[in-house]
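I opened this notebook page to record what I looked up in the model, going from single residues to the whole chain and back. Each entry gives what I looked for and what I found.

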Amino acid sequence: QGKPEEAAEQYRIAVRSNPDYYQARLALAELLVEQGKRDEARALLREAEQRNPEFAQVRQDVARLFGR
């Protein structure tokens with residue numbers, strides 16, 4: 001078993017360092033969903049979509065994580 005809080009912090013650091021680093025943002029969102037922090041996860045992906053509205057992968061990941 002990994003340490004989710006440590007992993008979350010590393011992903012947060014990566015996203016702060018490079019807000020366009022989508023894979024880190026997605027990994028953090030997935031971890032947050034697992035922890036029941038759906039609002040925070042949704043906000044992370046919403047921000048990614050705002051930063052790059054043409055990036056269709058964000059919408060697919062939102063649908064996968066949140067069922068819409």
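**Entry 1: a buried arginine**

I began with Arg-25, which counts as buried because its relative accessibility is 1%, the cut-off for buried being under 20%. I note at the outset that this is a predicted model, and I read every value below with that in mind. Arg-25 sits in helix α2, which covers residues 22-34. Which residues does Arg-25 contact, once its neighbours within four places in sequence are left aside? I found Val-15, Pro-19, Leu-44, Glu-47, Ala-48 and Arg-51 on that list.

**Entry 2: a buried aspartate**

I then turned to Asp-61, which belongs to helix α4, residues 56-66.

**Entry 3: the whole chain**

Stepping back, I counted four helices and zero strands in the protein, and reading along the sequence I wrote the pattern down as α-α-α-α. The radius of gyration is 11 Å, close to the 11 Å that the globule rule gives for 68 residues, so the protein is as compact as a globular protein of that length. I also noted that the C-alpha trace spans about 35 × 30 × 15 Å along its principal axes.

For contacts with a separation of 6 or more, I found that 42% join residues 24 or more positions apart. Of the 68 residues, 31% count as buried. The accessible surface comes to about 4500 Å², and carbon and sulfur atoms hold 47% of it. On charge, I listed 12 positive and 12 negative side chains, with the centres of the two sets 3 Å apart.

For helix α1, residues 4-17, I picked Ala-8. Ala-8 is buried, its relative accessible area being 1%, and Ala-8 touches Leu-28 and Leu-31 when residues up to four places away in sequence are not counted. I also checked Ala-8 against Ala-56: the two are 48 residues apart along the chain, and their C-alpha atoms are separated by 24 Å.

I ended with Gly-36, placed in the loop between α2 and α3. Why do I list Gly-36 as exposed? Its relative accessible area is 55%, and exposed means over 50%. From Gly-36 to Asn-52, 16 residues apart in sequence, I noted a C-alpha to C-alpha distance of 26 Å.

Note on methods. Residues numbered from 1 in each chain as written. Predicted model: local features only at pLDDT ≥ 70, side-chain atom pairs only at ≥ 80, totals over all residues. Heavy atoms only, no water. Helix = DSSP H or I, 4+ residues; strand = E, 2+ residues; numbered from the N terminus. Buried < 20%, exposed > 50% of the residue type's maximum accessible area, 1.4 Å probe, protein only. Contact = heavy atoms within 4.5 Å. Rg over C-alpha atoms; globule rule 2.2 N^0.38 Å. Areas by Shrake-Rupley, 256 points an atom, 1.4 Å probe, with all protein chains shown as cover. Lys, Arg positive; Asp, Glu negative; His and termini not counted. Charge placed at Lys NZ, Arg CZ, Asp CG, Glu CD.
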